[in-house]
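Here's a quick briefing to read alongside the model.

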Amino acid sequence: MKVHKKSLFEGPSFLDSLSDTTETSTKTEKREVKQKEWMQYPTILTRINPFIVSSNRKEKKFAEEIILESPWGRITKFGPTLTQKDEDVLIAVLCHAKEYKDRDIKRTLAYVGNIADIAKTLIKSNKPSGDTYSCIHKSLIKLASTVVNLEVKPPSSNKYKRVLTNNIISHIDYCKKTKKIKVIFNPKFYSLYIKKEITLLHIETRLKTLKSAVDKKIYQFVFFHSSCEWKGSFKKLAAVINVLDQPEKQVKRLIKKSIQNLIEHNLLSSD
């Protein structure tokens, strides 16, 4: 199958902005506007992703299991099952995260502020409910308590190379009364950003416009490619969205429906 990106967007350079201390006020304003619209996500997570799609998949509360094995690599995890909702929360927090360091941590990412900011990024309502805050807090706890073992397979080798064996979040401090929250990312997760292998995601599109978990994963995968066109098999896309355990006919139906949705949202075109 073949799909085309409808347009190539230009987003902000998050890592460059962290080190740019000489930018003018005009540049600063433009960067801040762009950062409200775009976020950067580790490219490896658009290809091999620990967040499951299928709500019918049997959830193991706390167990070690292989989540995904694909041409790009393999993911195993130990801890609660991570779902698409947990990835949405992760992305929403990353939208507000800044570089952080303290006495114990030399360099990582963290968000320090009000949980309402995360909620408003995640949902369309400007008045999030207490249930929304609880769901965000629960997802953050899962991201802190699940150890992800991420291995990549270089094109010229059959051997796996480990790039991450840690939880994604290392610290959460949340006060329900004041709604103040501090989320510190694991420095090992931050190292995925240091490599500058990132994919730009449009925040509004990824978190609010697209509803289906399959739509979100295909959007992330297609938009990490630098070219306007992507060619590949249904099986490869099935590996990306992690539904290889489902019947082939059902997988093709899911993918076709998702691509049609992305076309309707003016994100893709297809031959």
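**Charges, rings and a cavity**

Asp-88 is buried, with a relative accessible area of 10%; buried means under 20%, exposed over 50% and partly exposed in between, worked out with a 1.4 Å probe on protein chains only. This is a predicted model, where local features need pLDDT of at least 70, side-chain atom pairs count only at pLDDT 80 or more, and totals for chains, interfaces and linings use all residues. Residues are numbered from 1 along each chain as its sequence is written, and side-chain values use heavy atoms, with hydrogens and water left out.

**Salt bridges around Asp-88**

- The count comes to nine salt bridges, each being a side-chain nitrogen of Lys or Arg within 4 Å of a carboxyl oxygen of Asp or Glu.
- Asp-88 pairs up with Arg-206, with the closest N and O atoms 2.8 Å apart.
- That pair joins distant parts of the chain, as Asp-88 sits in helix H4 and Arg-206 in helix H8 (residues 203-209), 118 residues apart. Helices here are DSSP runs (H or I, at least four residues) and strands are too (E, at least two), numbered from the N terminus.
- Arg-206 counts as buried, at 1% relative accessibility.
- Asp-88 also has a salt bridge with Lys-216, at 2.7 Å from N to O. Lys-216 lies in helix H9 (residues 213-224) and Asp-88 in helix H4, so this pair ties together parts that are 128 residues apart in sequence.

**Asp-86 and its partner**

- Lys-142 and Asp-86 meet through their side chains in another salt bridge, 2.8 Å from N to O. Here Lys-142 is in helix H6 (residues 130-145) and Asp-86 in helix H4 (residues 84-94), 56 residues apart.
- Asp-86 counts as buried at 2% relative accessibility, and Lys-142 is buried as well.
- Leaving out residues up to four places away in sequence, Asp-86 touches Phe-51, Thr-81, Ser-139, Lys-142 and Leu-143; a contact means heavy atoms within 4.5 Å.

**Val-152**

- Val-152 belongs to strand S7 (residues 147-152), and at 16% relative accessibility Val-152 counts as buried.
- Beyond four places in sequence, the contacts of Val-152 include Ile-44, Ile-48, Trp-72 and Tyr-160.
- Val-152 and Arg-47 are 105 residues apart along the chain, yet their C-alpha atoms are separated by 9.9 Å.

**Aromatic pairs**

- There are four aromatic pairs: rings of Phe, Tyr and Trp (its six-membered ring) pair if their centres lie within 6.5 Å, and planes under 30 degrees apart count as stacked, over 60 as edge-to-face and the rest as tilted.
- Phe-189 and Tyr-193 make an edge-to-face pair, 6.1 Å centre to centre with 70 degrees between the planes. They're four residues apart in helix H7 (residues 187-194), so about one helical turn separates them.
- Tyr-219 and Phe-223 form a tilted pair, at 4.8 Å centre to centre and 40 degrees between the planes.
- Ring pairs also gather Phe-185, Phe-189 and Tyr-193 into a cluster.

**Lining residues**

- Leu-45, Pro-50, Val-148, Leu-164, Ile-168 and Phe-189 line the largest cavity, a cavity being a set of points on a 1 Å grid over the protein atoms alone where a 1.4 Å probe fits but cannot get out, with lining residues having an atom within 4 Å of a point.

Methods. 1 Å grid on protein atoms, 1.4 Å probe; cavity = no way out; pocket = protein on both sides within 12 Å on 5 of 7 lines; lining within 4 Å.
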